[in-house]
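Subject: Structure handover

Hello,

Here is the structure you asked to look at. My notes on it follow below.

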Amino acid sequence: MNREWTVTGPEVCDETGCRDGTPIPMNDTVPRPYNFQITRDYSYWTISNLEVYKIVKATMKNYALPGETITMNPSGYVPPTLESRNDTAVESHVVPGQTSSLSYTPNKLTGGLDSPPDVPDDTELLKRIAETNTPQSTVKNDLVKFNNTIIMNDAETPKDGPAPVNIPSPTTIGRDVLYTPNHRISSSLLNKANTESSGQIYYDLLPGNVNGGANKVLPIHNINTVTVHTPVVNYAWVSDDQPHNQKTVPDPTRAAIILERPFIVRIPTTGQHLDASSYPGYGNRDYAKYFRIKQVLFPFDVYTADRTQFIPSNTWVNIPVNQLDTTFYLPVWVDEGNYTIEFRNIAENAPASFTEQPDANTNLTHHVASDKINVDVIGRLYDFHVTDVSDYNWEKVFRKHPGSPEPTGHSYWTGLQSIDGDSRGNFAPFVLPIRPGSHPEQGFRNAAVKTGYHFKFDLKTKGNMFGKQDGIRVTPTFSFISNDGSSRQDVDLYYHRGQERLIRIGSPQDVEKRFVVLNSRLRNVPSIELSDTARYQYTYELSPNERNRLTLAEHMVQMANQTSRQKTEIGRYDWMILTAPIRTLIGPKTNIPASVNVDRANAAIQHWYGEYSLPADVYAVPKGTDLEPLARQNKLDEKSDTFLKNGYIVVNFNIESLRNGNTQTPHLQYIHAPLMNQWQLEGFNRLPAFNNNNKRWPLKDGDIVFYHADQSSRNDFQSQVPH
């Protein structure tokens, strides 16, 4: 600062004295430092804490999951991005404003004589000038950029950094981001209810965090429980062989299974389980994929359908899961009677020791669905045929030579079909009934059988008809068919016995006993049948004492030569019961499984022999005709018009099997079973070819033989008397 002043000049002395001299001007420049502080307000934003995470994976634990744990990696997930810059130094955030040069020229200071001027203090003035020439500071924030959006801007701004915006609130990820489908529950896992679930989600801290923590693992709450319940159903079915059920009283509650016939078991994989409205995925549907195996147990022996594999009773049989129907074959030695077939469908996760529930395992403690089907094993009554007629006109049909017992092999069967309706191999005219037209030789085409001649017949049964009290009941009835075949009517038959005249067949007076000899000359019973029957009798029917008295060989000889040649009473004209003495056993003897009793197998098919005839002098009247009034009028003799003569008396058989001597409740029916007609199954023709009068004989099931109503065996013998 420039100053001016004066100082006293040197004394000037004169005469007057000394006096100050002329003032001398003085000046100088006085430096004056000034110090002052200029304050500028500023603000900026820094990051105190910044943590952003991304999902890495999630894990879940539950009994039902593979290995009880699964890992779910994000799918379709875009992790957030983060960019940040952070510096704690103020210098990194604030650039002070630079004061521009100041221009200030103070006034020259003038003092007095010997009085330099004081230098004034211009601090306030200069500070005001500096304030005016100093701009605001430049600031910048830390940087935060989230998902490419600037949250905290680090651009330089005067005085105040811009306020940051909020990081967007997190959003819920999509339902399929942490999702892995199609996890298969291991087939080794047992059913279990409400198994607990837990989970964890893993987060990684993104780069760019500021004062952040570490990667995090957080629990997942409120995960539902899981119930493992492998469903199986069992609504089994067994075929009911009604077309071959000959029982007199079929059991409607049981499926009929017939000896030596196939039958079907059906084990579906579909059916009702739990209610689908309460348990989605269950309901009425196909559960095959949950089955390990299907099984059936028969309480009796069976074969596979092709009879190549024998399955002993009480054996669990595996059935392929996808096989709906399986056919089995019932061997003949199975006892007739009621049985229960068991079924079980085993879930793929069943333990070695399991429990079962009928129909469906709706209770998950069970791993098997079971079922039971009641069945009735039933035998057969079949193969009736006439094997001989003693009328001499018919000898050549049955014998190779006159007077010879050697058979031709011809017999008259029910029809052209065998037991199950297949072709038997016989041909016309060898079908029943024996009637005009049945004789194969041209000269005998109109021949029937003369009364008094018997005809031999036999038939077979299968099943438990080998007991001592078992038998076959044959009930003859009679009809009259006119010569031309135009009419048929039921008739009563009468005969004479000694002095007793006109005894009606079936009346209390009809006490004529009838007998059969099993091993008669013209019956041709095979010797093997006799020996097999004798062996069974010896083993199972003789008492220990009886067996001690003779050997098996001796008993067999006795059977062939004595017992079988004795007469066996079988009944009357209006009823017959074929009994054990005229029965042989003809069951299978080869290829019998080791576990099967060969004697029981041989006894399983029975051959019954019988014969029948009408009296030589027999008289037919319309059924129900009362002969007493005519007899009182003495109008009855053999030539009376009351008796039907111009035609044929037809013998008709009703055939039933009797078990254990029970005559009140026949076991099987040949013709009149409610569900089937074996007579028809074997091909009996109710509408035969036209006869010589261009009419069809009016036939009925069970018709056996046409007898001439006006020809008797007595005529044959009388014609041979010499005269």
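Two strands pair if DSSP finds at least two bridges between them; strands (E, at least two residues) and helices (H or I, at least four) are DSSP runs, numbered from the N terminus. This is a predicted model, in which local features need pLDDT of at least 70, side-chain atom pairs count only at pLDDT 80 or more, and totals for chains, interfaces and linings use all residues. Residues are numbered from 1 along each chain as its sequence is written, and side-chain values use heavy atoms, with hydrogens and water left out.

Strands in the order 30-29-32-40-39 make an open, antiparallel sheet of five. Strand 30 (412–413) and strand 39 (583–585) are at the edges with a single partner strand each, so one side of each has no neighbour in the sheet. Three bridges join strand 39 to strand 40 (residues 605–613), in the antiparallel sense. Leu-585 is opposite Gln-606 in strand 40. Helix 3 (residues 527–541) packs on the sheet and touches strand 39 and strand 40 (contact: heavy atoms within 4.5 Å).

Asp-388. This residue belongs to strand 29 (residues 380–389). Asp-388 counts as buried because its relative accessibility is 3% (buried is under 20% relative accessible area, with a 1.4 Å probe and protein chains only). Leaving aside neighbours within four places in sequence, the contacts of Asp-388 include His-454, Lys-456 and Leu-522.

Charge over ring. The charged end of Arg-307 is over the ring of Tyr-329, 3.9 Å from its centre (the rule: NZ of Lys or CZ of Arg within 6 Å of the ring centre and within 35 degrees of the ring normal). Arg-266 lies over the face of Trp-237, at 4.7 Å from the ring centre.

Regards

Terms used: Buried means under 20% relative accessible area, exposed over 50%, partly exposed in between (1.4 Å probe, protein chains only). Axes are lines fitted to C-alpha atoms, for helices over the stretch in contact, and angles run from 0 to 180 degrees between N-to-C directions.
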